[in-house]
Amino acid sequence: MSRYAIKRNNKNKIVGILNYDERTKKYTIDIPENVTSTEAPFMMSLFLKKGIRSIDSDWSMRWVQSRIIPSSRQNIGEILRVNGMRSYDEHKLLLKNEGRSCQDEFYIEHM
């Protein structure tokens, strides 16, 4: 199991923990007790507003997929080649860009 801190660019506070099970290739997200809905990424804030701090593998995968290049992207082969990859691998793509998205200022960091 690999664990990654979810952080905001200009703050050192961990707003979530992304867990990755290499065997099953599934993710889960845990949100620490000291994180409020205004500090968390949008999708996580929706769970926090309902009092949920552990996000299941389906929703966690949706969060991951929102942060990587989709497999259906035009010229995906060229994008993979430029990144030194032979095949599409969500986890490797996530790590290559540190989980960054142009939609917000959150990123992941290995714990």
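Helices here are DSSP runs of H or I with at least four residues, strands are E runs of at least two, and both are numbered from the N terminus. The model is a predicted one, so local features need pLDDT of at least 70 and side-chain atom pairs count only at pLDDT 80 or more, while totals for chains, interfaces and linings use all residues. Residues are numbered from 1 along each chain as its sequence is written, and side-chain values use heavy atoms, with hydrogens and water left out.

Helix α1 itself covers residues 42-49, with F42 among them. F42 counts as exposed because its relative accessibility is 64%; exposed means over 50% relative accessible area, buried under 20%, and partly exposed in between (1.4 Å probe, protein chains only). Along the sequence F42 and W63 are 21 residues apart, and in space their C-alpha atoms are 9.8 Å apart. The buried part of α1 is made up of M43, M44, S45, F47 and L48. These buried residues pack against β1 (2-8), β2 (14-21), β3 (26-30), β4 (54-55) and α2 (57-65), a contact being heavy atoms within 4.5 Å.

Next up is the largest nonpolar core, where I6, L18, I29, M44 and W63 touch the most other members out of 27 residues. Helix α1 gives the most to this core, with four residues. Such a core is a set of buried Ala, Val, Leu, Ile, Met, Phe, Trp, Tyr and Cys residues joined through side-chain atoms within 4.5 Å. Leaving aside residues up to four places away in sequence, the contacts of L18 include I6, I29 and W63.

Over in α2, the buried residues are S60, M61, W63 and V64. They line one face of the helix, because they fall within an arc of 155° when seen down the axis of α2; the arc is that of the directions from the helix axis to the C-beta atoms.

As for the strands, β3 has Y27 and I29 on a covered face and K26, T28 and D30 on an uncovered one. Strands β2 and β3 run antiparallel, joined by five bridges; two strands pair if DSSP finds at least two bridges between them. Across this pairing, I17 stands opposite D30. The hairpin of β2 and β3 has four residues between the strands, and K25 takes a positive phi near 60° there. Strand β3 also pairs with β4 in the antiparallel sense, over two bridges, and I29 has I55 as its bridge partner in β4.
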